[in-house]
Amino acid sequence: MAAKVGIFAAILLVCTILLPLLASSFPNHRPEFLEHDSSKTDVTIHGDNNNVVHANVNDIAIPSSNYETRNERSLKEKKKSNKNKNKNKNKKNKKEMKSHEHGFEAFNFEHPLIGGGHHGIRLQKNTKTRDFRGLREGFYQNTCPQAEQIIKNGLTRAFQNDSTIAAAIPRLFLHDCFVKGCDGSIFLDTTPSGGKVEKLSPSNGVTVKGFELIDEIKAELEENCPGIVSCSDVLAYLSRDAFVASGLPHYEVSGGRRDGMESRIENVVGNLPLPDDTVDQMIQLFNRKGLNAEDLVVLIGAHSIGVAHCFNFLYRMDTPEKAQMVDPRLGGVMKFTCTSQMSTIAFDATTQYKMDSVFYKQLLMKKGLLESDQVLTQDIRTRGFVQRFSNDEVGWFNKFGVAMNKLGAVEVLTGNQGQIRKQCRAVNL
């Protein structure tokens with residue numbers, strides 16, 4: 001019995017003296033832990049060296065730890081965590097489904113990860129290639145990787161010789177896309193049917209240009225990548241490069257269009273906006289092409305560069321009611337400059353060769369040349385957009401690239417439809 005008492009006393013002595021000494025040897029080390037109130041979603045994470053990170057409990061993964069026990073997280077919290085995960089997963093699935101309905105892949109973001117001794121939160125963005133109506137970004141990456149650079153170089157050379165080409169190319173693009181879709185039909189000089197072609201329409205004619213530049217670029221593409229790049233895609237990329245050369249930030253363009261095999265002058269009627277169109281007429285036209293009122297106002301901003309011929313606006317000064325919608329000083333410039341119907345005036349005389357929001361500011365001061373531009377400030381469906389873009393140039397820039405890609409997807413031919421022309425002015429026989 002005495003021996004047992006002695007042994008017990010020795011054990012008690014060890015626990016009393018040695019254990020505190022061992023604990024004091026590690027004063028600066030403590031395990032990771034979560035200060036978590038189950039009624040809150042915010043948590044504070046502590047670790048070595050007193051590092052602290054604030055995060056949302058739904059956005060973090062808790063790493064395995066030698067110090068973590070089953071008692072550190074109650075059964076109630078585990079059920080809540082699982083419920084939140086399922087809820088977030090359902091939201092993600094719904095978001096991806098909604099994105100596919102609109103033709104674009106969603107951007108997927110990995111959840112922040114907590115790990116290691118530094119507790120750095122990493123947010124990794126995984127972007128997928130956009131696919132819209134059979135078109136996609138980087139379409140020629142494998143078949144003709146130098147295509148976009150060849151097109152850009154062609155625009156750069158032309159722009160250095162004639163800066164007005166920057167406004168002419170996007171006009172070609174709209175006039176092509178709004179008439180039976182973006183199929184390069186505006187380039188055709190003749191068709192197998194032998195009828196008159198789109199480019200001979202009064203809405204086109206002498207007021208459109210840039211065909212020689214298209215020919216030059218297409219010839220270079222055929223030398224490098226025969227039968228690969230369509231004429232309609234050349235125009236889409238070239239329009240982007242024209243805007244970028246004029247100051248617009250770069251935006252990606254989807255490719256994959258095929259070229260049409262017909263072009264008829266009668267198809268132009270009713271499919272292009274006219275200088276005396278009402279807001280109703282323009283919205284209806286844009287709606288038929290899959291575009292809305294905001295897209296209309298966004299794309300009208302292309303008039304930040306370029307000129308208008310006098311026959312498109314001088315008539316406004318002949319009617320007192322219409323003349324009231326013209327700034328008196330601008331009216332004087334119209335009368336003085338328009339010595340003939342083919343004379344021209346810059347849409348934006350302040351920054352004629354620069355894509356900026358000054359054009360919208362001028363509309364609000366009744367300084368729009370075209371009646372169809374000016375009436376956008378009078379209609380409740382469009383005036384708010386004009387006001388917004390006049391004060392938010394960056395916001396307009398961001399929307400412009402999106403609207404241009406929507407325009408470039410109007411009634412496109414893809415897959416095995418149409419053809420890839422060898423020469424843009426004639427169909428392959």
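The following legends describe close-up views of a predicted model.

Local features are given only at pLDDT of at least 70 and side-chain atom pairs only at pLDDT 80 or more, whereas totals for chains, interfaces and linings use all residues. Residues are numbered from 1 along each chain as its sequence is written, and side-chain values use heavy atoms, with hydrogens and water left out.

**View A. The largest nonpolar core, of 75 residues.**
A nonpolar core is a set of buried Ala, Val, Leu, Ile, Met, Phe, Trp, Tyr and Cys residues joined through side-chain atoms within 4.5 Å. Buried denotes under 20% relative accessible area, exposed over 50%, and partly exposed the range in between (1.4 Å probe, protein chains only). Phe 187, Phe 243, Phe 400 and Leu 407 have the most contacts inside this core. With residues up to four places away in sequence excluded, Phe 400 touches Phe 243, Leu 248, Val 298, Leu 299, Ala 302 and Met 355; contact means heavy atoms within 4.5 Å. Another core, of 13 residues, lies apart from the largest one and has Cys 338, Ile 345, Phe 347 and Leu 370 among its members. In soluble globular proteins, nonpolar side chains tend to be buried together.

Helices (H or I, at least four residues) and strands (E, at least two) are DSSP runs, numbered from the N terminus. The end C-alpha atoms of α4 are 19 Å apart, which agrees with the 18 Å that its 13 residues should span at 1.5 Å a residue; the expected span is 1.5 Å times one less than the number of residues. Eleven of the 13 residues of α4 are buried, leaving the helix mostly covered. Among these buried residues are Ile 165, Ile 169, Leu 172, Phe 173, His 175 and Asp 176.

Thr 191 is buried because its relative accessible area is 10%. Its side chain is joined to that of Ser 193 by a polar contact of 2.9 Å. Such a contact is a pair of N or O atoms within 3.5 Å; within protein, one must be able to donate a hydrogen and the other to accept it, and residues adjacent in sequence count only if both atoms are side-chain atoms. Thr 191 also touches Val 197, Glu 262 and Ser 263, not counting residues up to four places away in sequence.

**View D. The disulfide of Cys 144 and Cys 225.**
The structure holds four disulfides, each defined as a pair of cysteine sulfur atoms within 2.5 Å. The sulfur atoms of Cys 144 and Cys 225 are 2.0 Å apart, and the link is right-handed, with 75° about the S-S bond. This pair links distant parts of the chain, 81 residues apart: Cys 144 lies in the loop between β7 (135–137) and α3, and Cys 225 in the loop between α5 and α6. Both Cys 144 and Cys 225 are buried.

**View E. The disulfide of Cys 310 and Cys 338.**
The S to S distance is 2.0 Å, and the link is left-handed, with -85° about the S-S bond. Cys 310 is in the loop between β9 (307–309) and α9 (320–323) and Cys 338 in the loop between α10 (328–337) and β10 (344–346), so the pair ties together parts 28 residues apart in sequence. Cys 310 is buried, at a relative accessible area of 0%; Cys 338 is buried, at 11%.
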